[in-house]
Amino acid sequence: MCGASLWVQAAGTHTHPDTPIGAPGYSDKVTRTITIDMQDNMRFVPATLVVKQGETIRLLVRNKGAMTHELVMGNSQDLLAHAKAMQQAPQMQHRDPNSLSLAPGRQGELLWHFTRAMTVDFACLQPGHFESGMRGKIEVAKGHSDAHAH
Ligand SMILES: [Cu+2]
């Protein structure tokens with residue numbers, strides 16, 4: 001676990017976790033799968049995704065390189081602070097629902113419910129990777145929000 005957690009306590013009777021960038025998704029709510037490759041040239045391919053507010057996306061993340069990479073979603077300030085913290089603690093593991101760390105050749109998936117119209121940033125926080133440009137963004141276009149009354 002790391003200190004820069006996104007999780008905020010839900011107010012009132014609301015029990016599912018919500019964060020400034022959305023919420024963990026449920027597999028039966030997935031609307032689309034998007035594949036993202038991670039490469040040793042410090043790039044995500046594609047580096048820009050466009051989704052609609054309310055969509056639950058299965059991000060299929062594939063590490064095509066020979067080194068460990070990870071994908072951490074957040075806002076840009078959090079990711080920057082977090083990248084700096086990683087310089088101090090390079091072995092820090094990320095196991096939150098908004099992040100995935102993959103050994104070379106592995107793949108995994110993140111299910112995420114994009115509840116807010118905004119730009120969600122993502123980055124690889126392995127030491128030096130963020131600084132080398134290993135980042136991307138998810139543009140969440142305003143759409144019909146789902147049944148939840150927030
Ligand atoms: Cu990386």
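**Strands, sheets, core and helix**

Modeller: Strand S9 (residues 119-123) and strand S10 run antiparallel, joined by 5 bridges. The structure is a predicted model, in which local features need pLDDT of at least 70, side-chain atom pairs count only at pLDDT 80 or more, and totals for chains, interfaces and linings use all residues. Residues are numbered from 1 along each chain as its sequence is written.

Biologist: What makes S9 and S10 a pair of strands?

Modeller: A strand is a DSSP run of E covering at least two residues, a helix is a run of H or I covering at least four, and both are numbered from the N terminus. Two strands pair if DSSP finds at least two bridges between them. Within S10, lysine 137 stands opposite aspartate 121.

Biologist: How do you know that S4 also pairs with S10?

Modeller: The same test applies: 5 bridges join strand S4 (residues 48-52) to S10 (residues 135-141), and these two run parallel. Valine 51 has valine 140 of S10 as its bridge partner.

Biologist: What is the order of the sheet that holds these strands, and why are S4 and S7 placed at its edges?

Modeller: The sheet is open, with 5 strands in the order S4-S10-S9-S6-S7 and mixed pairing. S4 and S7 (99-102) each have a single partner strand, so one side of each is left without a neighbour in the sheet. From one strand to the next the twist averages 20 degrees, an angle between lines fitted to C-alpha atoms, taken from 0 to 180 degrees between N-to-C directions. S7 pairs with S6 (residues 69-74) in the antiparallel sense over 4 bridges, and leucine 71 stands opposite leucine 100 in S7.

Biologist: Why is histidine 69 called buried?

Modeller: A residue is buried if 20 or more other C-beta atoms, placed from the backbone, lie within 10 Å of its own, exposed if 12 or fewer do, and partly exposed in between. Histidine 69 has 26 C-beta neighbours inside 10 Å, and therefore counts as buried. Histidine 69 belongs to strand S6. Contact requires C-beta atoms within 7 Å; leaving aside neighbours within four places in sequence, histidine 69 is in contact with Met38, Asn63, Leu102, Cys124, Gln126 and His129.

Biologist: Is lysine 84 buried, exposed or partly exposed, and what makes it so?

Modeller: Lysine 84 has 13 C-beta neighbours inside 10 Å, so it counts as partly exposed. Lysine 84 is in helix H1. Its C-alpha atom is separated by 9.3 Å from that of glycine 128, 44 residues apart along the chain.

Biologist: How do you know that the buried residues of H1 line one face?

Modeller: The buried residues of H1 are Leu79, His82, Ala83 and Met86. Seen down the axis of H1, they fall within an arc of 105 degrees, so they line one face of the helix; the arc is that of the directions from the helix axis to the C-beta atoms. An α-helix has 3.6 residues a turn, so residues three or four places apart point the same way. The face turned away from the buried side of H1 carries the exposed residues Gln77, Gln87 and Gln88. S6 and S9 are among what covers the buried residues of H1.

Biologist: What makes a group of residues the nonpolar core, and which members touch the most others?

Modeller: A nonpolar core is a set of buried Ala, Val, Leu, Ile, Met, Phe, Trp, Tyr and Cys residues joined through C-beta atoms within 7 Å. The largest one has 27 residues, of which Leu71 and Ala123 touch the most other members. Elements supplying at least two residues each include helix H1 (76-88) and strand S6. Not counting residues up to four places away in sequence, leucine 71 touches Ile36, Met38, Val61, Ser99, Leu100, Phe122 and Cys124.

Key: Contact = placed C-beta atoms within 7 Å.
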